[in-house]
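Work through the exercises below with the sequence and coordinates open. Each task is followed by a stepwise solution.

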Amino acid sequence: MNRSFLAALAILVALAPVSLAQAQTHPHAGMSMQDHAAMPAAPSANGVSTTPADNAMLSAAPTEFSVTFPHAMTLTSLKLTGPAGQATDVAVTADASPGTTVHAPLPALAPGSYSAAWAATGADGHQMNGVVRFMVH
């Protein structure tokens with residue numbers, strides 16, 4: 001065997017215990033898909049979390065979309081893109097009071113992959129937006 005192959009093999013053997021230890025202590029290790037989907041969304045770097053969470057795998061279709069902010073905001077738009085690539089504007093309440101958690105009802109969703117692009121505005125006029133991807137089984 002050539003030396004570079006043996007060196008690479010030696011590195012893999014040396015790192016295997018570290019990888020195994022990390023996998024066993026990972027907070028999602030051994031979780032079912034339903035357990036993972038039920039976890040609350042961790043806030044992103046900007047303090048925003050959504051329900052459904054980004055990359056959620058859901059056993060039932062969600063009936064609403066919500067965004068939690070570190071300060072009061074108003075949801076100004078929500079566009080849902082479905083499995084066939086069709087985009088639908090979801091109605092948001094135009095005169096809703098600002099809140100740290102805002103909601104919008106979702107239409108009935110069939111199984112498949114979705115993305116929800118949202119935008120919100122704060123009382124001082126600043127804007128935030130994001131995209132959340134999730135799958136309904």
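The exercises that follow treat strands, a nonpolar core and salt bridges.

This is a predicted model, in which local features need pLDDT of at least 70, side-chain atom pairs count only at pLDDT 80 or more, and totals for chains, interfaces and linings use all residues. Residues are numbered from 1 along each chain as its sequence is written, and side-chain values use heavy atoms, with hydrogens and water left out.

**Exercise 1. Faces of a strand**

Task: determine which side chains of strand S7 (residues 127-136) point to the buried face.

Solution. 
- Step 1. Buried means under 20% relative accessible area, exposed over 50%, and partly exposed in between, with a 1.4 Å probe and protein chains only.
- Step 2. Sort the residues. Met 128, Gly 130, Val 132, Phe 134 and Val 136 point to one face and are buried.

**Exercise 2. Partners of S7**

Task: find the strands that pair with S7, and the sense of each pairing.

Solution. 
- Step 1. Apply the criterion: two strands pair if DSSP finds at least two bridges between them.
- Step 2. Strand S2 (residues 56-58) pairs with S7 in the parallel sense over three bridges. Leu 58 has Val 136 as its bridge partner in S7.
- Step 3. Strand S6 (residues 112-122) pairs with S7 in the antiparallel sense over 10 bridges. In S7, Met 135 stands opposite Ser 113.
- Step 4. Inspect the turn: the hairpin of S6 and S7 has four residues between the strands, and Gly 125 takes a positive phi near 95° there.

**Exercise 3. The largest nonpolar core**

Task: identify the residues that touch the most other members of the largest nonpolar core.

Solution. 
- Step 1. A nonpolar core is a set of buried Ala, Val, Leu, Ile, Met, Phe, Trp, Tyr and Cys residues joined through side-chain atoms within 4.5 Å.
- Step 2. The largest core has 23 residues, of which Phe 65, Phe 69, Leu 78, Leu 80, Trp 118 and Phe 134 touch the most other members.
- Step 3. S2, strand S3 (64-81), strand S5 (99-105), S6 and S7 each supply at least two residues of this core. S3 gives the largest share, seven residues.
- Step 4. Take Leu 80 as a case, with contact meaning heavy atoms within 4.5 Å. Beyond its neighbours within four places in sequence, the contacts of Leu 80 include Val 90, Leu 106, Tyr 114 and Phe 134.

**Exercise 4. Salt bridges**

Task: list the salt bridges and place their residues in the chain.

Solution. 
- Step 1. A salt bridge is a side-chain nitrogen of Lys or Arg within 4 Å of a carboxyl oxygen of Asp or Glu. The count comes to two.
- Step 2. Asp 54 forms one with Arg 133, the closest N and O atoms being 3.3 Å apart. Asp 54 is in the loop between S1 and S2 and Arg 133 in S7, 79 residues apart.
- Step 3. Asp 89 and Lys 79 meet in a salt bridge at 3.5 Å, N to O. Asp 89 lies in strand S4 (residues 87-89) and Lys 79 in S3, so the pair ties together parts 10 residues apart in sequence.
- Step 4. Asp 89 is exposed at 58% relative accessibility, whereas Lys 79 is partly exposed at 38%.
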